[in-house]
Amino acid sequence: MEAVADSRGAMSKWLLLSVLVVVLDQWTKGLATAGLQYGQPVPVTGFFDLTLLHNTGAAFSFLSDAAGWQRWFFTVVAVIMGGVLLVWVWRLPPGSRWLACALCLVLGGALGNLWDRIALGYVVDFISVHYAGWYFPAFNVADSAITVGAGMLIVDIIRGEPGHREGGDD
């Protein structure tokens, strides 16, 4: 029983990473909202602008032109996925640092965007990357955390070391 308590204590420390992602995400979105005019790019480099945009859809503005039901659909999906990720992190064996970090980055990003969706009805995006007339969809800190976390999960799957998931130190 003590090992379970120690494991949960160690994993709860990883959840602080999720909290940090949410705080950083909300802080930067607040700065963008206060300091940028909607849709007006502020050049930072030749390939990077700050451009305040509101995304009512999901990744890459998927379903952003739907009739409004997508707000609640994506809210429910984010709540369910957040719960799944939280349970997954809580049940990780001690020493699963890589996987815990990946999951907590995704969780923090999902919660940051969920906050926007519930409070505002849209997600605040403000990072715009472009090259030679090609523009990547605008994104935010939460999206970045989700992307890095998902990349780490892919690496974890590819790595697939035997015994790695049974609590080996990774």
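This is a predicted model: local features need pLDDT of at least 70, side-chain atom pairs count only at pLDDT 80 or more; totals for chains, interfaces and linings use all residues.
**Surface patch.** Phe73, Val76, Val77, Ile80, Met81 and Val84 make the patch, with an area of about 520 Å². I then picked methionine 81 from that group. Methionine 81 sits in helix 2, which covers residues 69-91. I asked how accessible methionine 81 is. Its relative accessibility is 43%, so methionine 81 counts as partly exposed.

**Overall layout.** I next went through the secondary structure. I found four helices and four strands in the protein chain. Along the sequence I read the pattern α-β-β-α-α-β-β-α. The protein chain has 170 residues, and 37% of them are buried. I also checked sequence separation in the contacts. I took the contacts between residues at least 6 apart in sequence; 66% of these join residues at least 24 apart.

**Helix 3.** Does the length of helix 3 agree or disagree with its residue count? I took residues 97-120, 24 residues in helix 3. At 1.5 Å a residue they should span 34 Å, and the end C-alpha atoms are 34 Å apart, so the two agree. I then looked at how covered helix 3 is. Of its 24 residues, 17 are buried, so I logged the helix as mostly covered, with under 20% relative accessible area as the cut-off for buried. Just after helix 3 I came to glycine 121, which takes a positive phi of about 90°.

I moved to helix 1, residues 2-35, where serine 18 lies. Is serine 18 buried or exposed? With a relative accessibility of 3%, serine 18 counts as buried. I listed its contacts, leaving out residues up to four places away in sequence: Cys104, Leu107 and Gly108.

**Isoleucine 146.** I turned to helix 4, residues 141-159, which holds isoleucine 146. Its relative accessible area is 27%, so I noted isoleucine 146 as partly exposed. Which residues does isoleucine 146 touch, beyond those up to four places away in sequence? I found Leu105, Val106, Gly109, Ala110 and Asn113. I checked glycine 109 in more detail. Isoleucine 146 and glycine 109 are 37 residues apart in sequence, yet their C-alpha atoms are 5.2 Å apart in space.

**Strand pairing.** I followed the strands in order. Strand 1 (residues 42-43) pairs with strand 2 (residues 48-55) in the antiparallel sense, over two bridges. A hairpin of four residues joins strand 1 to strand 2. I saw valine 42 standing opposite leucine 50 of strand 2. I then went on to strand 3, residues 123-131. Strands 2 and 3 run antiparallel, joined by six bridges. Where is the bridge partner of aspartate 49? I found it in strand 3, at serine 128.

**Alanine 132.** I ended in the loop between strand 3 and strand 4 (134-135), where alanine 132 is found. Its phi is near 50°, a positive value in a residue other than glycine. Alanine 132 has 72% relative accessibility, so it counts as exposed.

Definitions and conventions
Residues are numbered from 1 along each chain as its sequence is written. Side-chain values use heavy atoms; hydrogens and water are left out. Buried means under 20% relative accessible area, exposed over 50%, partly exposed in between (1.4 Å probe, protein chains only). Contact means heavy atoms within 4.5 Å. The expected span of a helix is 1.5 Å times one less than its number of residues. Two strands pair if DSSP finds at least two bridges between them. Patches are made of residues with over 30% relative accessible area and no salt bridge: like charges are joined within 9 Å, nonpolar side chains (Val, Leu, Ile, Met, Phe, Trp, Tyr) within 5 Å. Accessible areas come from the Shrake-Rupley method with a 1.4 Å probe; for residues, only the protein chains shown count as cover. A salt bridge is a side-chain nitrogen of Lys or Arg within 4 Å of a carboxyl oxygen of Asp or Glu.
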